[in-house]
Amino acid sequence: MIEIRIHGRGGQGNVVAAYVLAGAAFEEGKRCQAFPNFGAERRGAPVVAFVRISEKPILRRCQVEAPGFLLIQDESLLHIPSVMEGLKEKGGILVNSLKSSEELTKEYGRPMVALAGSQMAAEIVGKPLANVALLSAFLTLTGLLPLEALKKALSKRFRGEVLEKNLKLIDEVGAQVAAGLWKKEAKHVACA
Amino acid sequence: MLHALEGSQAIAQAVALCRPAVVAAYPITPQTHIVENISKLVADGKLKCEFVSVESEFSAASVVLGSAATGARSYTASSSQGILLMAEVLFDIAGMRLPMVLTCANRAISAPINIWNDHQDAMTVRDSGWIQLYCADNQEAIDTTIQAFRISERTELPVMVCVDGFVLTHTLEVVDMPNAEQVDSYLPPFTFKNKLDPKHPLSLGTLVGPEYYTEARYSLHRALEKALPEIESADADWAKICGRASGGLLTVDGPESASVGVLAMGSVVSTLTEANEILPGKKRVRLMKLRAFRPFPAEALRQACAGLKELIVLERAFSPGCGGILGTEVRAALAGMAKPPAVRNFAVGLGGRDIPLGTLSKLLDAAKAQGNEGFSILDVEPERLPPEDR
């Protein structure tokens, strides 16, 4: 089982990202679980959502305390101490940021992969929401699920122009990030 | 057919499959998505039913009281303060023996205000005369919702389906959604012999004096007791159609040789099941999932406890100044056993406090320190309170 924690701010589509990622796992015949940790929901407030992907039925319903991967929708969240708490050794951190991976790694003292998700989404979809871009990058880095599964899951929630543009965003992001960079990590952080 | 669905959406679809004639509801977190999804199904023409948007939970309960009394299959849902605002009407619905189904998206009670999950809302109306069934996952929430209509209409008692707020309602997971043919073959159209009908005038909820009130209340008590086999057969018959059961009155999991048992209700059972599987063999417990809280299955519970030295009751609410609610009831029920297990009682996860996998080990350790008649809150940190409040 792979456990993932998504950190964002209210309004950035955090819960949708969690549901779509779990939905993509379902499209591949896997078991999945996604749920938000709701706080005081308002735009801009930090929010967290959790995703579990497994070959077997998932029984635990507690929050993800030791994620294998962190998806960070907004670089400013890295200043909240709890955001990186519990990340597994060799776990990966993917951050929506205009900085380079090297810059982020140096600044926060641990390896991170940067993705200009908001910028790409603004250009391709017309809205600076990084959630779908982060999912595409995450799946490309880990090879956990094919991007086709992500597209299928997305097409169950959206349609028309919004869907078309997001599908294009998935492809463009997928072509840009290093495919398989986290393949070993994905195996290493898997738990029974 | 398998789907990856949010719990609320799955429950809404299950309700729609039961073809309710009237749905009345007022939104409250974490119930909102359920009724929002039902209202969308109605607006999209996928569910033909009267959806009544009301101005309070008191009205929501009143509307379904009225609609059920006319023989219409009726449904509502609420949480927390909403259940409390409904309380007066909930007692009326049960007292008038009106069949209907209510989903309680379980949430803590104010004050202090808290929108997260525990069982204090449903526990607070435990004496209302409603059947209460608790679900461990969203598959059980779907299947129990469908079963609830059958149980309700056969017993002429209202049924509250309790699903943990957020933990189930806001969790997307893989569920098998039954099809209309399956549900139609299981749940016949609702025919209510005591319905209000101008051709055959009838009064409901009239004044009853001391000369007959006791008998009226006794009959409600007996109706609930007689509902026990109906709950079991509703589950068994549904299992014949869809191939899975939701746990009848209660289920037992774990090694038969275990001398320690743990009993709980709702989604925490799911986490405890995994925690039990990863414990070393000798430490594994007899894990009991209590699905029917009302009527209380005392006899089934005594049978499930046979041979246990210790039973730990883990609950998600308590009665201030007394202690555990479920724990107190379990102690009373087991007192009739020849060799009853020592009962330990803990509350956990109040107001949405996370219940991690390690809870089971912590519980087993804490139980050793608790006296037989004790009650403790497993995850309380009294040192965070000023000394005078501890």
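## Salt bridges within helices

In this predicted model, A:Glu161 and A:Lys165 form a salt bridge in which the closest N and O atoms are 3.0 Å apart. The two residues are four places apart in helix H6 of chain A, so about one helical turn separates them. A:Glu161 is exposed, with a relative accessible area of 55%, whereas A:Lys165 counts as partly exposed at 31%. Side chains of opposite charge can pair when their charged atoms come close.

B:Lys368 counts as exposed at 66% relative accessibility, while B:Asp365, at 45%, counts as partly exposed.

Because A:Asp171 lies in helix H6 (residues 160-176) of chain A and A:Lys151 in helix H5 (residues 147-155) of chain A, the pair ties together parts that are 20 residues apart in sequence. A:Asp171 is partly exposed, with a relative accessible area of 38%, but A:Lys151 is buried, with a value of 14%. Over all chains, a search of the whole structure finds 30 salt bridges.

## Where chain A meets chain B

The contact between the chains takes 21 residues from chain A and 27 residues from chain B, and the area buried between them is about 1900 Å², of which carbon and sulfur atoms give 56%. On the side of chain A, the residues that lose the most area to chain B are A:Phe26, A:Leu59 and A:Arg61, which together account for 35% of what that side buries.

Across this interface there are two salt bridges and eight residue pairs in polar contact. Helix H1 (14-27) and strand E2 (31-37) of chain A are the elements that give two or more residues to the side of chain A that touches chain B, and E2(A) gives the most, with six residues. Sorted by class, that side has 10 nonpolar, four polar and seven charged residues.

A:Arg61 lies in the loop between strand E3 (46-54) and strand E4 (69-72) of chain A, and it counts as buried because its relative accessibility is 8%, where buried means under 20%. A polar contact of 3.2 Å joins the side chain of A:Arg61 to that of B:Ser270. The side chains of A:Arg60 and B:Glu274, in turn, meet in a salt bridge with an N to O distance of 2.6 Å.

## The two domains of chain B

Chain B is assigned domain 1 (2-242) and domain 2 (250-389), and the C-alpha centres of these domains lie 27 Å apart. In the contact between them, 29 residues of domain 1 of chain B meet 24 residues of domain 2 of chain B. The two domains bury about 2000 Å² between them, 56% of it on carbon and sulfur atoms. Within domain 1 of chain B, the residues that lose the most area to domain 2 of chain B are B:Met123, B:Arg126 and B:Tyr134, together 26% of what that side buries.

Across the interface of the two domains there are two salt bridges and 15 residue pairs in polar contact. The side chains of B:Glu140 and B:Lys289 meet in a salt bridge, with N and O 2.6 Å apart. H8(B) gives the most to the side of domain 1 of chain B that touches domain 2 of chain B, with six residues, and the residues of that side divide into 15 nonpolar, seven polar and seven charged.

## Buried places in chain B

B:Tyr75 sits in strand E4 (residues 74-78) of chain B and counts as buried because its relative accessibility is 0%. Beyond its neighbours within four places in sequence, B:Tyr75 is in contact with several residues, among them B:Ile11, B:Val22, B:Ile38, B:Val101 and B:Phe149. The side chains of B:Tyr75 and B:Thr103 are also joined by a polar contact of 2.5 Å.

Helix H11 (residues 325-334) of chain B is mostly covered, as eight of its 10 residues are buried. The buried residues in H11(B) include B:Ile325, B:Leu326 and B:Val330, and also B:Glu329 and B:Arg331.

Technical notes:
Residues numbered from 1 in each chain as written. Chains lettered and ligands numbered in written order. Predicted model: local features only at pLDDT ≥ 70, side-chain atom pairs only at ≥ 80, totals over all residues. Heavy atoms only, no water. Domains from an automatic or database assignment. Contact = heavy atoms within 4.5 Å. Buried area = accessible area lost by both parts, 1.4 Å probe. Salt bridge = Lys/Arg side-chain N within 4 Å of Asp/Glu carboxyl O. Polar contact = N/O pair within 3.5 Å; in protein donor to acceptor, adjacent residues only side chain to side chain. Nonpolar A, V, L, I, M, F, W, Y, C, P; charged D, E, K, R; others polar. Buried < 20%, exposed > 50% of the residue type's maximum accessible area, 1.4 Å probe, protein only.
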